[in-house]
Amino acid sequence: MGNSGKLAVVAAVVSLGLLALTAAVLEEALLYLFLASLLTCYLASVVQVFNRRRYLTVVAGAAGTSLFIGFSIAFLRMWGLAFNQDPDAFGTAVSSRDSDVYFYLAVVAGCGTLLLLFAGAVLPGRSPRTTAVRRPAGSAKRPPARTAQRPAPRTAASAAKRPVPRKPAAPRAPAKRPASGSAQRKAAPKR
């Protein structure tokens, strides 16, 4: 798991703690911190899902995000809060009949999308053994043959950049010197 996956896990744990604390205290600042940690978890999960190349999960997450935004706007529109130019929109009484359905659908779409992306970011993928071709039961699997790795051929440019490691020379036996230099010399051939 990459750094974004670890950040998604930490943000999910922090957001659960902030949710419990917000429910107990009912403080507006804690609600904003909770929403910020949820957004951090969402974005880190999206990055991790892209890094793992799980594009089907990305498409499903995009569809869930679109549903969440659509249901949220429908809920706000039922209360007269969305796309309303009236400056007194917050103070006027509107018919909010059946607006709860859109609220619950937005919550389900948002939580489902977040859980889907979090699972795509955190859960491991399929192992190569499950996607490999199955062998008959009687055939034994041989270990892969080890091949000797040959060093790459050196060019003049690479040889100039890297010094060649030298092996220590084997100790040589001292050379025997003749006792008398004139007796051992060969005679020069005559012409």
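This is a tour of a predicted model, one selection at a time.

Residues are numbered from 1 along each chain as its sequence is written. In this predicted model, local features need pLDDT of at least 70 and side-chain atom pairs count only at pLDDT 80 or more, while totals for chains, interfaces and linings use all residues; side-chain values use heavy atoms, with hydrogens and water left out.

**Stop 1: the whole chain.** Colour the chain by pLDDT, the predictor's confidence in each residue, from 0 to 100. The chain has a mean of 78, and 61% of its residues reach 70 or more. Confidence is highest in helix H2, at 94, and lowest in helix H5 (residues 128-131), at a mean of 51. Helices here are DSSP runs (H or I, at least four residues), numbered from the N terminus.

**Stop 2: helix H2.** Select residues 28-51. The end C-alpha atoms of H2 are 35 Å apart; its 24 residues at 1.5 Å a residue should span 34 Å, so the two values agree. The expected span is 1.5 Å times one less than the number of residues. Next, pick out the buried residues of H2: Leu30, Phe34, Ser37, Cys41, Ala44, Ser45, Gln48 and Val49. Buried means under 20% relative accessible area, exposed over 50%, and partly exposed in between (1.4 Å probe, protein chains only). Helix H1 (3-25), H3 and H4 are among what covers these residues.

Now select Leu31, also in H2. Leu31 counts as partly exposed because its relative accessible area is 36%. Just after H2, Arg53 takes a positive phi of about 60°.

**Stop 3: helix H3.** Select residues 55-78. Its 24 residues should span 34 Å at 1.5 Å a residue, and the end C-alpha atoms lie 35 Å apart, which agrees. Which residues are buried in H3? They are Thr57, Val58, Gly61, Gly64 and Thr65. These buried residues pack against H2 and H4.

**Stop 4: helix H4.** Select residues 99-122 and find Thr113 there. Is Thr113 buried or exposed? Thr113 is buried, because its relative accessible area is 5%. Leaving out residues up to four places away in sequence, Thr113 touches Tyr42, Gly61, Gly64 and Thr65; contact means heavy atoms within 4.5 Å.

Leu115 counts as exposed because its relative accessibility is 58%.

Key. Helices (H or I, at least four residues) and strands (E, at least two) are DSSP runs, numbered from the N terminus.
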